[in-house]
Amino acid sequence: MPVAVIGQFRMPPESIAAARPLMAKVMLATRAEDGCIEYNYAEDVLDPGLIRVSEVWASREQLAAHLKTPHMAVWGEERAAMGLTGRKITVYEVTGAAEL
């Protein structure tokens with residue numbers, strides 16, 4: 001069953017410029033993983049330092065495998081070093097989809 005991941009985290013606004021290429025690197029590596037349908041980070045234009053997260057995975061098992069990849073371990077260290085806070089991530093099971 002597909003899963004959607006929605007969340008957010010904060011970076012100090014002064015760290016955003018340095019974080020962008022690191023986020024791009026992890027996004028590209030993740031998008032190449034088996035089962036990844038979508039994987040996105042987006043800066044909130046009204047709240048400096050707030051990064052929105054959206055992901056879609058073909059299964060919960062593939063999401064679990066993603067969390068154990070070397071690039072996610074590196075990204076965990078990098079984001080901690082830059083002062084990531086306020087990480088809130090929720091996984092939803094997708095039972096259907098409709099375009100609006």
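Q: Which residues touch the most other members of the largest nonpolar core in this predicted model?
A: The core has 20 residues, and F9, M11, M23, Y39, Y41, W57 and W75 touch the most other members. The model is a predicted one.

Q: Which elements give two or more residues to this core?
A: They are β1 (3-10), α1 (16-31), β2 (36-43), β3 (50-57) and α3 (70-81). The most comes from α1, with five residues.

Q: What does Y39 touch, leaving out residues up to four places away in sequence?
A: Y39 touches V26, M27, T30, R31, S54, E55, W57, H66 and M72. Contact here means heavy atoms within 4.5 Å.

Q: How many aromatic pairs does the structure hold?
A: It holds four aromatic pairs.

Q: Why is the pair of F9 and W75 called edge-to-face?
A: Two values decide. The ring centres of F9 and W75 are 6.4 Å apart, and the planes stand at 65°. The cut-offs are centres within 6.5 Å for a pair and planes over 60 degrees apart for edge-to-face.

Q: Why do F9 and W75 count as buried?
A: Buried means under 20% relative accessible area. F9 has 4% relative accessibility, so F9 is buried. W75 has 0%, so W75 is buried too.

Q: Why is the pair of Y41 and W75 called tilted?
A: The centres of Y41 and W75 lie 6.0 Å apart, with 35° between the planes. Stacked needs planes under 30 degrees apart and edge-to-face needs over 60, so the rest count as tilted. The angle of Y41 and W75 falls in that remaining range, so the pair is tilted. This pair also links distant parts of the chain: Y41 is in strand β2, W75 in helix α3, 34 residues apart.

Q: Is Y41 buried or exposed?
A: Y41 is buried, because its relative accessibility of 14% is under the 20% limit.

Q: Which residues do ring pairs link into a cluster?
A: The cluster holds F9, Y39, Y41 and W75.

Q: How do you know that the span of α3 agrees with its number of residues?
A: At 1.5 Å a residue, the 12 residues of α3 should span 16 Å. The end C-alpha atoms of α3 are 17 Å apart, which agrees.

Q: What puts the buried residues on the same side of α3?
A: The buried residues in α3 are M72, W75, E78 and R79. They cover an arc of only 120° around the axis, so they share the same side of α3. An α-helix has 3.6 residues a turn, so residues three or four places apart point the same way.

Q: What lies on the other side of α3?
A: There, P70, E77, A80 and A81 are exposed.

Q: What do the buried residues of α3 pack against?
A: They pack against β1, α1, β2, α2 (60-67) and β4 (85-93).

Q: Which residue takes a positive phi just after α3?
A: G83 does, with a phi of about 95°.

Q: How many salt bridges does a search of the whole structure find?
A: The search finds five salt bridges.

Q: Why is the meeting of D47 and R10 called a salt bridge?
A: The side chains of D47 and R10 meet at 2.7 Å, N to O. The limit is 4 Å, so the pair counts as a salt bridge. D47 is in the loop between β2 and β3, and R10 is in strand β1, 37 residues apart.

Q: What makes E43 and R20 a salt bridge?
A: The closest N and O atoms of E43 and R20 are 2.7 Å apart. That is within 4 Å, so E43 and R20 qualify. E43 is in strand β2 and R20 in helix α1, 23 residues apart.

Q: Is E93 buried or exposed?
A: E93 is exposed, because its relative accessible area of 53% is over the 50% limit.

Definitions and conventions:
Residues numbered from 1 in each chain as written. Predicted model: local features only at pLDDT ≥ 70, side-chain atom pairs only at ≥ 80, totals over all residues. Heavy atoms only, no water. Core = buried A, V, L, I, M, F, W, Y, C linked by side-chain atoms within 4.5 Å. Buried < 20%, exposed > 50% of the residue type's maximum accessible area, 1.4 Å probe, protein only. Helix = DSSP H or I, 4+ residues; strand = E, 2+ residues; numbered from the N terminus. Expected span 1.5 Å × (residues − 1). Arc of directions from axis to C-beta.
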